[in-house]
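Student: I would like to learn how to read a protein structure. Please take one feature after another.

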Amino acid sequence: PPLLPARRRPTHPEARCEIEPDVVAPRSVLREVTYSTDSRYRPIDCYNRLHSNGKFLGAGWMRFTDTEIECESYSAVHGRLSQRIALMEPARSLGSHPLSCDVLHLPRFDHQRSEKIQRQPDVWMTSLEHDGCSGPLLAKIGLDIEYCGRETITVPAGTFASDHYRFLLAGTLEREHPTEDLWCMPDSYVLVKVTVGGYMAASFDLVEFE
């Protein structure tokens, strides 16, 4: 068949995430996410299902067009919910909370500009909890992205030339969020390493790559 236009030629990252109690909060989280993006890593749609402490928490589906976002979800807390949000311009990224999707905010950084820290005022999220353990519901935050340069780093999966970025998130969510450093493969934005400071004090490495 003919290729889709670039705006709608999809990729389909999938992630299954498990967070043990007391890593981020005193609860366990199990998250399953399927997230489709176009060739510029902008969101097309996303499915997100959550369990907390072994019990169903919520499930939701989001769909993005150039002019609107819609969300259909059901949660143990809120019951059945529908959201429709008009857009002035297409959404550039969605935070659905897997680390492999955190890096999909990074294509927003414009390397043609001189600023090494760039404000992103319209970042869409499926949860405002630091471990993503709510909803899923659409919400919008702002964050700063800092580009720290090209580095060669070694993780269990091997040694990679990586672009180093930093999320400056303090005060953007419901409570203070520690600084998050991310290393990814240039252009492909494949996660190589993530470290989070503050009360999380956690490090996540790529352990296998084909």
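Student: What does the accessible surface of the chain come to?

Tutor: Accessible areas come from the Shrake-Rupley method with a 1.4 Å probe, and for residues only the protein chains shown count as cover. Here the accessible surface is about 10600 Å², with 52% of that belonging to carbon and sulfur atoms. This is a predicted model, where local features need pLDDT of at least 70, side-chain atom pairs count only at pLDDT 80 or more, and totals for chains, interfaces and linings use all residues. Residues are numbered from 1 along each chain as its sequence is written, and side-chain values use heavy atoms, with hydrogens and water left out.

Student: How many helices and strands does the chain have?

Tutor: Helices (H or I, at least four residues) and strands (E, at least two) are DSSP runs, numbered from the N terminus. This chain has 1 helix and 13 strands.

Student: What percentage of the residues is buried?

Tutor: Buried means under 20% relative accessible area, exposed over 50%, and partly exposed in between (1.4 Å probe, protein chains only). Of the 210 residues in the chain, 49% are buried.

Student: Why does A157 count as partly exposed?

Tutor: Because its relative accessibility is 24%, A157 counts as partly exposed. A157 lies in the loop between strand 9 (139–155) and strand 10 (158–168).

Student: Which residues does A157 touch, not counting residues up to four places away in sequence?

Tutor: Contact means heavy atoms within 4.5 Å. With that exclusion, A157 touches L206, V207, E208 and F209. The C-alpha atoms of A157 and V192 are separated by 8.5 Å, and these two residues are 35 residues apart along the chain.
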